[in-house]
Each structure stands twice: as structure tokens, then as C-alpha cells.
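Reader: Could you take me through this structure by setting each value against the definition behind its label?

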Amino acid sequence: MATPKEILEQIASIAKGLSMTQKILGLVVIAVVVGGLLSLTTAGKETSYKVLFSGLNQEDAGEVLTKLKDQRIPYKLSDDGGAILVPASQVYEVRLTLAGEGLPRGGGVGFEIFNQTSFGQTDFVQRLNYQRALQGELARTIRNFQQVIEARVHIATPKESVFVEDAKPPTASISVKLRGREKLSQHEIQSIVNLVASAVPGLTTENITLVDTSGRLLYRKQGDGEGVLTGNQLEYQIKIEDTLRQKVETMLEEVVGVNRARARVTAEIDFNKIDRTEESFDPEAQVVRSEQMLTENDQRGGATAEGIPGVKGELATFAEEGGEGKAAAGYNRNNVTRNYEISKQTRHIQDKGGSVKKLSIAVMVDGSYEKSVDKDGKTSLKYQPRSPEEMRNLEKLVKNAIGYSEERGDQVEVASLPFALSSVPEPEVDAMEKYRAMMEWLAMPLIYLLVAVLVLLFVIKPFLKILATKQLETRTGGAMGRPGAHGPAVGGLGAEEEDLTLAPRGLSDQERIYRLAQSDPDRAADLVRRWLREEA
């Protein structure tokens with residue numbers, strides 16, 4: 001096996017034997033081949049960039065770019081300048097590094113204003129800085145909503161007063177810039193208002209105003225106008241109608257098929273608020289409310305006589321027995337006062353409204369289709385309506401699903417109608433459709449392989465043949481390149497490797513035939529036979 005030094009010497013000797021045109025052609029071919037291979041190998045290895053931050057304000061974007069430049073991290077900006085991109089392999093590392101330095105700050109001033117304290121600050125400056133920090137932190141939190149790009153919060157804190165009647169509550173104003181045509185739902189608006197109200201002491205939702213940069217009023221105190229109440233009512237009504245519609249459609253689609261049933265619901269809602277108090281009395285149910293009893297006992301007779309003075313014995317005893325009736329004079333009095341109360345029941349009823357007064361629902365159900373082929377081979381579908389019994393069953397299902405009530409006067413109508421898209425025959429599925437994705441996946445590798453094969457066949461192979469011919473001429477001492485040199489090659493090696501297609505130009509036909517007969521007699525004999533057949 002040849003050593004690397006010998007290989008280099010051989011390549012140098014071959015290059016010396018080439019003409020200037022062949023050298024230039026060889027260098028061009030080598031450059032094209034190397035460039036093509038490099039382009040093919042590096043086509044899929046371009047640096048991939050991912051979004052580091054997006055939607056930053058100008059202050060935060062400037063600070064982030066400054067840090068990236070200081071750390072020599074490559075970056076790109078999106079077309080609209082709203083996003084900063086860095087290499088995909090460094091996204092998370094850069095984010096953690098910038099987060100350690102407090103970037104991005106989110107715009108405005110937050111509580112980091114107190115990281116650096118200075119002596120000599122007055123209480124007024126401290127309270128002012130606290131209010132600025134609170135406004136900035138609230139704006140950053142609101143900016144985390146997906147629909148919000150920018151947010152500003154303004155808090156007005158009145159001066160404290162020693163008199164209670166002169167005290168005024170704090171107020172707040174919120175301004176948001178929404179992303180594109182996106183809107184905040186009523187639930188999200190209420191969440192932002194409650195967030196700000198909970199963060200400021202003494203602030204209530206009634207003293208908060210929320211607007212967007214387009215000038216639309218998104219939130220104000222409930223009851224200030226009919227617009228807010230009407231909007232809430234409309235949202236409530238739409239929610240009820242959508243809920244009932246989804247119930248009916250999903251139920252019917254289980255029977256008739258997907259996208260073959262459509263329902264529309266109209267709900268009449270009673271939004272009247274009723275506040276009443278009822279008192280009922282039961283005259284038969286009597287209860288003693290109070291009772292007062294007075295008892296008097298008066299005896300006017302005084303002390304009882306004990307007999308006749310100076311009389312003793314039985315006479316005195318007789319005198320005592322005869323005087324009992326006289327000593328019993330007096331009276332007794334009892335007075336009872338009772339107050340009765342009739343039972344009373346008091347009920348306070350408050351109805352906030354929102355009850356359903358009436359429902360009207362219309363349902364369309366698609367029928368069945370029979371497939372037929374005409375004489376020309378065209379496929380058509382013939383509509384077949386559903387049977388009356390099946391329609392009655394579907395109507396019962398719809399009534400039970402929406403809570404049908406005859407007392408409210410609800411209306412339900414179910415009809416079998418042909419759908420427009422259902423009457424169109426479905427296109428036949430292409431047999432190659434399932435292989436199309438795999439073919440698309442293999443397309444680029446196959447193209448690369450085809451380019452490589454073409455380069456190998458039409459560039460590298462002819463170049464190698466030229467080099468082999470030049471090497472063969474060098475080994476034979478140039479005998480094959482001179483006219484009239486009919487002797488065989490040294491050792492017969494050149495005769496075995498000789499190819500007429502690689503013979504130098506300028507030889508006559510006789511010389512070529514002579515060389516062919518020496519190198520391959522069988523092939524020369526076959527060639528003579530072909531010539532004889534052509535002449536015959």
C-alpha cells in the first residue's frame with residue numbers, strides 16, 4: 001500500500017503532466033464539487049433563533065439589547081421590532097441571566113425604587129415613592145394578561161382630614177392598550193378592577209374607572225347608566241341561548257350524525273327586580289301575650305272576744321262559743337287580666353330577576369341520501385326525508401332537553417330539511433393521499449441524493465478517467481501517445497487497461513484498430529464482423 005508521501009508525489013506528477021486547460025478545468029470541477037457538498041451538508045445546520053422576549057416597551061428593550069451587547073451574545077430583531085431573538089441553544093440561559101439582573105422590569109417604576117435608600121428623605125417623598133411603586137407594580141401585573149400590551153394605573157389619594165365628615169375615599173383610573181383587535185371579557189374586566197381595589201387600602205370597586213387607549217369605557221360604577229346593565233343582560237341571555245343550543249345539537253348529532261343537525265334558541269328573560277314584604281295573620285291561632293293577676297283579702301272584725309269579764313267556769317265557755325259568728329266579718333277579691341295576640345307571619349322576598357319567561361327553539365335535521373350513478377357515470381345523491389314517527393321522537397327529545405313548559409308558552413319546531421353540503425357527492429379518496437405526507441418527507445433527501453449521483457456521474461467520473469489516462473501515458477513512457485508506435489505496452493499492463501475511448505486524439509483508425517487487436521483480440525474480431533455485416 002502506498003504511503004501518503006508517495007500518493008502526494010503521484011498527484012503532483014499527474015498535475016505536472018496536465019495542460020493548463022486541464023488544470024483550470026480540474027480546479028473548477030473540484031471547487032464545484034466541494035462547494036456543492038458543503039452546501040448540502042450545511043443546509044440544515046443554520047443557526048436557529050428563538051424568541052427571547054416579545055412585547056417589551058422601549059425602555060426594557062433598550063436595556064436588554066445593551067446587556068446582550070455587553071455579553072457578546074448574537075441576537076436578531078423581528079421585522080416589526082416587537083421581539084428579540086437569540087440562538088435557540090442559549091434562550092433559557094440568557095433569560096435566567098437577565099432575570100438575575102431584574103430584566104425586563106416590565107415598564108414603569110416598581111418596588112425596586114426602595115433598593116437604594118438615601119438619608120434625608122422626607123416623609124412626603126417616601127409616601128410619593130410608595131405610590132409610584134404601587135402604581136408600577138399594578139401596571140406590570142395587568143400587563144401579564146394576554147390581550148394587554150401596555151397598562152397605566154393612576155391612584156388618587158386625598159389628603160387625610162381630622163374630621164370624619166370631610167374624609168374622602170381614594171380613587172383609581174386604569175388605562176390599557178389591547179393587542180390588535182382582541183377584547184377583554186366582562187370576567188377579565190372585573191378581575192382587573194378587583195385586583196386594583198384589593199391592593200389599595202380604602203379603595204372600592206365603585207371608585208375605579210377602566211378605559212382603553214381607543215377611548216372606550218370598559219368599566220364604571222354599576223347603576224350609573226343603563227348601558228352597563230343592558231350589556232350584562234344581553235350577555236346573560238346569550239349564554240342561556242348558547243347553552244340550550246349546544247345541548248340540543250350535541251344530543252341530535254349522536255343520532256343523525258355530526259354536522260347534520262342545527263338548532264337556534266330564543267330565550268325571553270324577565271329582568272324585573274321585585275322586592276316585597278308579606279304579613280299574614282291567623283285569627284284562629286291565639287297566643288297569650290301577657291297576663292296580670294291581682295288578689296285582695298280584707299277582714300274588718302278586728303280581735304276575737306274571749307268571754308264575759310268576771311265570769312268563770314262553764315258560763316265563760318258558753319260565752320266563747322256563742323261569739324264565733326260575730327267575729328267572721330271581711331271579704332276576698334281576685335282580678336286576672338290576660339292579653340291575647342293573633343299569630344302573624346312576615347316574609348321579605350327579593351327577586352333579582354333573570355328567570356326564563358318563554359323559550360322558542362327551531363331545529364333543522366338533515367335526512368338520508370341514496371347514491372345513484374347515471375348513464376354517463378356521474379354520481380348523484382337523492383334526498384330521502386325522515387319518517388313522521390322519527391320526527392316525533394326527535395321533537396320529544398328536544399322538549400326534554402330544554403325543559404319544555406306549556407304554562408310558559410314555549411314553542412318547539414323540528415323539521416327535516418336537506419342540507420346544502422350534504423347533497424354534494426363526496427370526492428373519492430385518492431389512493432396516494434395517505435402516502436403523500438411520506439413522499440413530501442422524503443422529497444428533499446431524494447433530491448440531495450439525486451444531485452450527488454449526477455455530480456458523481458457527470459463530473460467526478462470523467463475527471464477520474466482523464467487522470468487515469470494521463471497516468472497510463474506516464475507509465476508507458478509516452479509510447480501510446482506517439483503516432484506509429486505500434487508495439488505493445490511494457491509488460492502487457494498497458495494493453496489490459498487500455499480503452500479506446502480514452503485514446504489520445506490524433507491517432508488514425510488503423511492505429512486504433514491495431515491497438516485494439518493487441519489489447520483485446522476477441523473484441524477486435526467482433527468489430528470486424530459487424531463491419532462486414534453492415535457492408536453486406
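This is a predicted model: local features need pLDDT of at least 70, side-chain atom pairs count only at pLDDT 80 or more; totals for chains, interfaces and linings use all residues.

Author: Residues are numbered from 1 along each chain as its sequence is written, and side-chain values use heavy atoms, with hydrogens and water left out.

Reader: What makes H5 roughly antiparallel to H6?

Author: Helix H5 (residues 123-143) and helix H6 (residues 186-199) pack at an angle of about 155 degrees, with their axes 11 Å apart. That makes H5 roughly antiparallel to H6, because angles over 145 degrees count as roughly antiparallel, under 35 as roughly parallel, 65 to 115 as roughly perpendicular and the rest as oblique. The angles run from 0 to 180 degrees between N-to-C directions, with axes fitted to C-alpha atoms, for helices over the stretch in contact.

Reader: Which residues of H5 and H6 meet, and how many of them are nonpolar, polar or charged?

Author: On the H5 side, Leu134, Leu138, Thr141 and Ile142 meet Ile192, Leu195, Val196 and Ala199 of H6, where contact means heavy atoms within 4.5 Å. By class, this contact has seven nonpolar, one polar and no charged residues; Ala, Val, Leu, Ile, Met, Phe, Trp, Tyr, Cys and Pro count as nonpolar, Asp, Glu, Lys and Arg as charged, and the others, Gly among them, as polar.

Reader: Why are S1 and S2 called edge strands?

Author: The open sheet has three strands in the order S1-S3-S2, with antiparallel pairing, and strand S1 (49-54) and strand S2 (76-77) each pair on one side only. Two strands pair if DSSP finds at least two bridges between them, and five bridges join S1 to strand S3 (residues 83-87). Helix H3 (residues 58-70) packs on this sheet, touching S1, S2 and S3, and its direction makes about 20 degrees with that of S3.

Reader: How do you know that S8 pairs with S11, and which face of S8 is covered?

Author: Strand S8 (residues 261-270) and strand S11 (residues 355-365) share 10 bridges in the antiparallel sense, and Arg262 has Met364 of S11 as its bridge partner. The covered face of S8 holds Ala261, Ala263, Val265, Ala267 and Ile269, whereas Arg262, Arg264, Thr266, Glu268 and Asp270 form the uncovered one.

Reader: How many helices and strands does the protein chain have?

Author: The chain comes to 13 helices and 14 strands, which are DSSP runs numbered from the N terminus, helices being H or I with at least four residues and strands E with at least two.

Conventions. Buried means under 20% relative accessible area, exposed over 50%, partly exposed in between (1.4 Å probe, protein chains only).
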